[in-house]
Amino acid sequence: MKFNRILLSATLIVVALVVQVSVLARLQLPGAVPDLVLLTVVGLALVYGPVSGSLIGFSAGLLADLAPPADHAAGRYALVLCVIGYLVGLARPENGRLTSAAGPMAVVVAAAVGSTLLYAGVGALVGDTAARHVGLGFLLFTAAVYDLLLAPFTVPLIMALARRAENDPLADAGGGNGADVASGWLSSGTGLRIGNQRGGLRMKTAHSRASRAGRIKGVKRL
């Protein structure tokens with residue numbers, strides 16, 4: 001992995017873990033806990049691909065395993081996020097562009113459900129039956145809902161930062177069919193094309209200036 005990737009990924013994972021442990025875990029929401037670490041891995045894997053996604057997922061999961069107040073065996077969540085990071089990386093578009101929010105949102109839901117199932121499955125192998133007491137179905141539903149609600153505020157930003165760190169020209173691309181992954185998510189979700197709006201405003205300003213200049217010149221000639 002490149003140094004920029006390592007530095008940015010480590011920073012985002014640490015920040016996500018701190019926010020999750022100190023804020024999200026204390027909200028005492030019913031069912032699952034909003035998984036900001038998972039969303040960070042998803043955002044980075046959608047930009048960096050399967051190999052980097054699996055490495056980032058493993059590192060993030062291992063850090064979460066070791067961070068207090070972890071109550072499970074070390075390596076359990078690392079395995080889960082390693083698999084999720086690899087699978088999410090496979091969903092990365094070859095050209096790095098997304099024009100619809102449906103794809104990333106589906107990836108977030110699949111990652112939330114898949115990580116919950118994998119975590120419960122690995123727990124069942126080591127004798128952890130906590131998921132049975134809460135209800136696996138309820139955990140799956142709440143995990144998908146919480147992560148889906150949190151994703152629009154986190155994943156596009158993470159993807160944009162990842163592209164900036166890579167010096168990717170797509171990070172500065174405008175709207176239309178050339179929208180980058182992050183702007184494609186936001187523009188499709190709101191029905192607005194930010195790049196097109198900027199370009200349209202510039203064109204309108206230029207046309208208005210030209211028309212004013214034409215009118216002034218016409219008056220002078222008369």
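## Terms and basis

Two residues are in contact when they have heavy atoms within 4.5 Å of each other. The model is predicted, and local features need pLDDT of at least 70, side-chain atom pairs count only at pLDDT 80 or more, and totals for chains, interfaces and linings use all residues. Residues are numbered from 1 along each chain as its sequence is written, and side-chain values use heavy atoms, with hydrogens and water left out.

## Contact of α5 with α7

In α5, Met 105, Val 108, Val 109, Ala 112, Val 113, Thr 116, Leu 117 and Ala 120 meet Leu 136, Leu 139, Leu 140, Ala 143, Ala 144, Asp 147, Leu 148, Ala 151 and Val 155 of α7. By class, this contact has 15 nonpolar, one polar and one charged residues (Ala, Val, Leu, Ile, Met, Phe, Trp, Tyr, Cys and Pro count as nonpolar, Asp, Glu, Lys and Arg as charged, and the others, Gly among them, as polar).

## The chain as a whole

The secondary structure comprises nine helices and zero strands, where helices (H or I, at least four residues) and strands (E, at least two) are DSSP runs numbered from the N terminus. Along the sequence the pattern reads α-α-α-α-α-α-α-α-α.

Of the 222 residues in the chain, 41% are buried, that is, under 20% relative accessible area with a 1.4 Å probe, protein chains only. Among contacts between residues at least 6 apart in sequence, 71% join residues at least 24 apart.

Conventions
Buried means under 20% relative accessible area, exposed over 50%, partly exposed in between (1.4 Å probe, protein chains only).
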